Amino acid sequence: MKKTTFALVAFTSMVIFFSCKQKEKTIPRPDHLVVVIYENHKYSQILDSANAPFIASLMKDAAVFTNSHGVIHPSQPNYLAFYSGSVQNCTGDKCLDSVSPFITKNLGASLIQKGFTFKGYAQGLPEIGSKICNDSISALTGGQVYGRKHCPWVNWQGEKENNIPDSVSLPMTYFPKDFNQLATVSFAIPDMDNDMHNIGKPGDSAAISRGDIWLKENMSAYIDWAKKHNSLLIFTFDEDDFTAENRIPTLFIGEQVKPGMYNERIDHFDVLRTIEKMYNLPNSAQDTSAHAITDVWK
């Protein structure tokens, strides 16, 4: 009787153990991941907007995060948080050329150190490896066009600890048409006329429309390809329009993504932690509660 009881307990324990193991979600490793970050709009302004029909069309094939948030205001520290897991003591949008290159952990350096590859593409970047803070004024809106504040990797370009080479920072014109040539992880950052930052006449609807068109023209082919080639697009925003809630749109689209609406609370630290888990990179998030997103994968 005792032997039978022991065997039953052991068997039950094994069933529970393997059931738990099966419930543990593994995070797939995309062959290629492209991150696109837009500017200064809340969830309801984009995913419920008639001015963004292409973005709306992506939702049927995407993991749509309905409770996604920026971590702070204004723009620059959000980009730093997404890329490095820390705002790097930055509280504003002033160019960081006087304090960079930073030597802290960051996504690009971690990938390279692990034998993967990283590239940062920026529309309006004047040349490969440029560390310029701003470049040119928009004839359309009167605002700056290129801003280093939206290209966080530039602040780690150098030859110090955890630095990345100038050669990985490229104008958007270098974004490959053969997507097999993409780095393991790439950032693709539109200029400020096309990332919904510059609000020119006739107003905000024009900014949203321009951003929607840019995404369609520059990323639709990659999105279609990613859904068949174990690759992924992460489309998100840095922050909302300066509310305390700071709720933003975030979409994951790719072959391994399980489409649907997901209401778990996430922020930039969580998305970064997810990318780090994909490639077995060290945890860099300053927020110790940051978690990898595990429930959106097939």
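Is serine 68 buried or exposed, and why? In this predicted model, serine 68 has a relative accessibility of 2% and therefore counts as buried, the cut-off for that class being under 20%. The residue is found in strand S2, which spans residues 63–69.

When residues up to four places away in sequence are left aside, serine 68 touches Asn246, Arg247, Ile248, Thr250 and Ile266. With threonine 250 there is a polar contact between the two side chains, at 2.7 Å. Proline 249 lies 181 residues from serine 68 along the chain, yet the C-alpha atoms of the two are separated by 6.5 Å.

Strand S9 covers residues 247–254 and pairs with S8 in the antiparallel sense, over five bridges. Within this pairing, leucine 233 stands opposite isoleucine 253 of S9. Strand S8 is also joined to strand S1 (residues 32–38), in this case by seven bridges, and S1 and S8 run parallel. Valine 35 has isoleucine 234 as its bridge partner in S8.

Strand S8 itself comprises residues 231–237, and seven of the seven are buried, so the strand is largely enclosed by the rest of the structure. In a regular strand, side chains alternate between the two faces of the sheet. In S8, Ser231, Leu233, Phe235 and Phe237 point one way, while Leu232, Ile234 and Thr236 point the other way. The residues of both sets are all buried.

Conventions. Residues numbered from 1 in each chain as written. Predicted model: local features only at pLDDT ≥ 70, side-chain atom pairs only at ≥ 80, totals over all residues. Heavy atoms only, no water. Helix = DSSP H or I, 4+ residues; strand = E, 2+ residues; numbered from the N terminus. Buried < 20%, exposed > 50% of the residue type's maximum accessible area, 1.4 Å probe, protein only. Contact = heavy atoms within 4.5 Å. Polar contact = N/O pair within 3.5 Å; in protein donor to acceptor, adjacent residues only side chain to side chain. Pairing = 2+ DSSP bridges.
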